Structures are given as structure tokens and as C-alpha cells.
Amino acid sequence: MEFEEMQVIWNNQNNEKLYAINESAMYASIQRKGNSINFWIGFAEYMMIGVNIVIGIYLFYDMIVENEQGFGFVIPIMYVAYSILGIFFRLRRRKTLVKFEETMLGELDKAIWQSKYIIRQGHALLYWYLAPLAIVAFLKLTLDGDYLLGAGLLLLLPLTYAGMRWEYSKWHGPKKRELESLRETILSADNE
Amino acid sequence: MEEQKQKQIFSQWIDQHKGILFKILRAYAFTPQDQDDLFQEMTLQLWKSIPDFRGESKPSTWIYRVALFTATAWVRQEKKRPETKPLTDVEHVLTIASQEKDERLTWLYEQIGKLDPVDRSLCLLMLDGFSYKEMANLVGISESNVGVKIHRIKRHLLRQSQEKEKNGV
């Protein structure tokens with residue numbers, strides 16, 4: 001076979017459609033991705049609820065045993081309130097999930113929504129959970145005369161922020177973009 | 001770039017130029033599982049590349065650039081990854097829509113697949129009618145180097161073809 005013949009064979013393939021997207025396999029693949037995201041969000045929610053309630057109760061108990069009064073009670077109250085908020089957010093998220101259609105695009109939209117949810121929750125966690133707790137703990141430690149520990153606690157905030165930014169740029173951001181490009185690929189294939 | 005605009009460009013590219021992705025897919029990934037994996041990786045990188053597209057080259061050239069770069073990087077990563085068993089019970093996202101009618105094309109893809117990743121890229125670009133200058137830009141080597149490599153690739157393909165005919169396959 002001469003090279004010119006190879007070129008002709010090559011050019012002829014352009015008219016043939018060799019691959020097609022297998023929708024049921026795509027559906028299964030999307031469901032796997034969605035379930036994986038769902039698992040990690042659920043895990044984070046249970047941790048948020050469980051850890052906060054345990055710490056809150058322990059701190060209450062500790063303060064009662066130590067017979068402390070006043071400002072110190074703010075911290076355990078905050079922990080218990082966060083635990084209740086965690087339950088509320090979980091219920092609200094699950095209610096939203098039910099609204100997505102049980103189709104391939106519906107599953108994909110659900111997975112994209114969940115990956116955006118992780119990113120939003122991450123930011124909310126920092127601004128509305130870690131920062132207030134650190135500030136309140138800082139005030140408490142300062143009132144108790146423990147300046148060094150208080151300052152150290154505040155310094156942890158920018159470090160946590162940097163760590164979270166890294167996590168999102170490394171894992172959650174790419175995952176979200178992957179799902180969005182997959183959605184567009186499916187829509188393009190559907191339009192044929 | 002607005003997300004809506006990005007979506008529109010992506011759909012248009014996939015619609016008009018998916019043939020490029022499929023050709024690269026066949027030259028770089030040989031099992032259905034790998035083809036799924038590489039296809040998803042290429043479409044992802046293509047999606048991410050849209051904001052960087054300035055319209056200075058044709059979309060097909062840009063798509064070739066992104067897809068070839070992705071495929072070459074993917075091959076490098078695959079070599080480092082420990083061998084895994086193929087998932088036989090998992091359906092594949094990409095399926096063969098029509099059986100290859102021309103056995104010679106299957107043979108040609110097999111030969112391209114045996115080349116090293118850079119030569120594979122050059123061979124695909126050559127067969128798709130890119131100039132030496134364009135190939136040099138896309139692959140990142142000098143034009144004279146492209147000339148030498150293309151000459152070797154053609155000679156190699158001709159030799160393989162002669163051997164095939166001699167063996168009566």
C-alpha cells in the first residue's frame with residue numbers, strides 16, 4: 001500500500017460515525033459520581049452535627065462542674081446551636097435533592113448542584129462557624145488572661161482558609177467543572 | 001467569559017469536531033475503559049480551555065492542540081499508574097456505533113498506536129493535512145525536526161505495509 005492510498009483511506013473515515021455515547025452507561029457513571037459526592041456531604045453533615053453536640057454537652061457539663069458563670073456559657077451554646085443548624089441544613093438539602101428529575105440530565109444537574117453545595121458550605125463554614133468560634137474563644141481566653149493561646153487561635157484562621165482554598169482548587173472545583181463539561185457533551189450528543 | 005457563551009461554544013465544537021477527538025482517542029487509548037477515561041479527560045480539558053481561546057487559530061487547530069496535549073499527558077500518567085484489571089461488568093460510555101468497513105483503516109490505526117506519543121501526534125496531524133509549520137507549533141518542535149520525523153514516519157508506515165503484504169495478511 002502506497003502512502004497516497006493510506007491518505008485516501010484516512011480521508012474516507014471522516015464520513016463514518018464510529019462511536020456513539022451509550023446513555024445507560026453514562027447514566028450509571030453519573031450516578032456513581034453523584035453517589036460519591038452525596039456520601040461525602042452526608043459524612044461531613046453527620047460530623048458537623050455529632051462533633052458539635054458532643055463538644056457542646058461536654059462544655060456545659062464542665063462549666064456546671066466547675067461552677068462557672070457568665071460569658072463562658074456562650075461557647076457551649078454556640079456548639080449546640082451549630083449542631084441544630086447542621087440538622088436544619090441537612091433536611092433542607094435532602095428536600096432540594098428530591099426536586100431533581102430521575103433522568104440522566106436530572107442526575108447530572110443534581111451532582112453539579114451538590115458539588116456547588118460543597119463549595120458554598122465550605123465558605124459558609126469558615127465565615128459563620130470557624131471565625132465566630134475562634135473570635136469568641138479568643139475573647140474568653142483573653143478575659144481569662146491566656147493571651148498567647150488566644151492569639152494562636154486567631155492565627156489559625158488564615159491557615160485554615162488557605163487549606164480550604166487548596167482543597168477546593170484541587171478537588172471540588174475540578175469535579176464541578178468535569179460534571180459541567182459532561183453535561184454539555186450529553187446535550188451536544190442529544191442535539192444530533 | 002459568560003457561562004452561557006462557554007456552553008454554546010463547547011456544544012458547537014463537540015458537534016462539529018468530535019471526529020478529531022475520536023481519531024485521537026483511537027490512536028492513544030486501546031481498551032473501552034481507557035477510551036472512556038481519555039474521552040472524558042479530553043472533553044473536560046476542552047471545556048476548561050474555552051476561556052483561553054482567542055480566535056487566533058481555527059477551532060479545529062485549537063481542539064487538536066488541547067486534545068493532543070491531553071492525550072500525551074494521559075499516556076504519561078497511565079504509564080505511572082499501577083495496572084488494574086478491566087471492569088468487565090461495567091458498561092462503557094463510548095460504544096462502537098458502526099463496525100469498521102475498511103480493514104486497512106484498522107491496520108493504519110494499529111500502526112499509529114505503536115508509534116511514540118510525539119510521532120503519533122505528528123502522524124495524525126500529517127494525515128489531517130496540517131502544514132509543517134502548524135505541526136511544529138502544535139507539537140512544540142522545530143519545523144526541520146518535523147520534516148525529519150515525518151519522513152521517518154512515512155518510511156516506517158510503508159515498510160510495515162510492505163511487510164504485511166509480503167506475509168499475505
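Hi everyone, let's start in chain B, where the axes of helix H5 (residues 117-127) and helix H7 (residues 143-166) come within 10 Å and cross at roughly 85°. That angle falls between 65 and 115 degrees, so H5(B) and H7(B) are roughly perpendicular to each other. H5(B) brings Val118(B), Asp119(B), Leu122(B), Cys123(B) and Met126(B) to the contact, and H7(B) answers with Val146(B), Lys149(B), Ile150(B), Ile153(B), Lys154(B) and Leu157(B). Sorted by class, this contact has 8 nonpolar and 3 charged residues, with no polar ones. Please keep in mind that this is a predicted model.

Now over to the second largest pocket, which holds about 920 Å³ of space. Its lining has 30 residues, and those nearest the centre are Ala44(A), Ile118(A), Gln121(A), Gly122(A) and Tyr168(A). In chain A, helices H2 (23-66), H3 (74-97), H4 (104-143) and H5 (147-190) each give at least two residues to that lining. As for its make-up, 19 of the lining residues are nonpolar, 6 polar and 5 charged.

Which residues line the largest cavity? They are Glu178(A), Ser181(A) and Leu182(A), along with Gln40(B) and Thr43(B). H5 of chain A and helix H2 (32-49) of chain B each supply at least two of the lining residues, and H5(A) gives the most, with 3 residues. By class, the lining of this cavity has 1 nonpolar, 3 polar and 1 charged residue.

Methods. Residues numbered from 1 in each chain as written. Chains lettered and ligands numbered in written order. Predicted model: local features only at pLDDT ≥ 70, side-chain atom pairs only at ≥ 80, totals over all residues. Heavy atoms only, no water. Axes fitted to C-alpha atoms, helices over the stretch in contact; angles between N-to-C directions. Helix = DSSP H or I, 4+ residues; strand = E, 2+ residues; numbered from the N terminus. Parallel < 35°, antiparallel > 145°, perpendicular 65-115°, else oblique. Contact = heavy atoms within 4.5 Å. Nonpolar A, V, L, I, M, F, W, Y, C, P; charged D, E, K, R; others polar. 1 Å grid on protein atoms, 1.4 Å probe; cavity = no way out; pocket = protein on both sides within 12 Å on 5 of 7 lines; lining within 4 Å. Points joined across faces, edges and corners; volume = space filled by probe spheres on them.
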